[in-house]
Amino acid sequence: MKPFLLAICLAAGAIAASPAHAGLFNRSPEKSAEEAARANMAAVTIWVDASWGFRHQGAANALSDAHQAFATRGYKVVSVEPYIENGDLQGFFVTYQKP
């Protein structure tokens, strides 16, 4: 199952980032949103890691940062899908789209 999810992640152009960061090509939410807007991407999926540190507050802050970075560039949240492995929250696949 894990290799399948990795394949989906890579196919969507998302690569897991360091803890408490969202990443498109392993960058911060701000850089990911900037690159997506510069490339005029209609939709983009990123990975927000929640596997290190405070899973609840840290993940919430990382999601908020990512949402703000993309909203500033005209993207809306389409979906936030948690990824749970062995009962532990690992992170989220977050998809943004320009209306």
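Colleague: Which residue just after α3 takes a positive phi?

Modeller: Gly 74, with a phi of about 90 degrees. This is a predicted model, where local features need pLDDT of at least 70, side-chain atom pairs count only at pLDDT 80 or more, and totals for chains, interfaces and linings use all residues. Residues are numbered from 1 along each chain as its sequence is written, and side-chain values use heavy atoms, with hydrogens and water left out.

Colleague: How many helices and strands are in the chain?

Modeller: The chain has 3 helices and 4 strands, in the order α-β-α-β-α-β-β from the N terminus. Both kinds are DSSP runs numbered from the N terminus: H or I over at least four residues for helices, E over at least two for strands.

Colleague: Back to α3. What do its end C-alpha atoms say about its span?

Modeller: They are 22 Å apart, which agrees with the 22 Å that 16 residues (57–72) should span at 1.5 Å a residue. The expected span is 1.5 Å times one less than the number of residues.

Colleague: And which residues of α3 are buried?

Modeller: Ala 59, Ala 62, Leu 63, Ala 66, Ala 69 and Phe 70. Down the helix axis these buried residues fall within an arc of 130 degrees, so they line one face of α3. The arc is taken over the directions from the helix axis to the C-beta atoms. Buried means under 20% relative accessible area, exposed over 50%, and partly exposed in between (1.4 Å probe, protein chains only).

Colleague: What exposed residues does the face turned away from the buried side carry?

Modeller: Gln 68 and Thr 72. Ser 64, also in α3, is partly exposed at a relative accessible area of 44%. Its C-alpha atom is separated by 9.7 Å from that of Pro 29, 35 residues apart along the chain.

Colleague: What does Phe 70 touch, not counting residues up to four places away?

Modeller: Pro 29, Ser 32, Ala 33, Ala 36, Val 44, Ile 46, Tyr 75 and Tyr 96. Contact here means heavy atoms within 4.5 Å.

Colleague: Which members of the largest nonpolar core touch the most others?

Modeller: Of its 17 residues, they are Val 44, Ile 46, Val 48, Phe 70, Phe 92, Val 94 and Tyr 96. The elements giving two or more residues are α2 (29–38), β2 (43–49), α3 and β4 (88–97), and α3 gives the largest share with 6 residues. A nonpolar core is a set of buried Ala, Val, Leu, Ile, Met, Phe, Trp, Tyr and Cys residues joined through side-chain atoms within 4.5 Å.

Colleague: Switching topic: how many aromatic pairs are there?

Modeller: There are 4. In one of them, the ring centres of Phe 70 and Tyr 75 are 5.5 Å apart with planes at 80 degrees, so the pair is edge-to-face. Rings of Phe, Tyr and Trp (its six-membered ring) pair if their centres lie within 6.5 Å; planes under 30 degrees apart are stacked, over 60 edge-to-face, the rest tilted.

Colleague: Are Phe 70 and Tyr 75 buried or exposed?

Modeller: Both are buried.

Colleague: Which residues form an aromatic cluster?

Modeller: Trp 47, Tyr 83 and Phe 93. Tyr 83 is in strand β3 (residues 76–85) and is buried, with a relative accessible area of 14%.

Colleague: What share of the whole chain counts as buried?

Modeller: 36% of the 99 residues. For contacts with a separation of 6 or more, 59% are between residues 24 or more positions apart.
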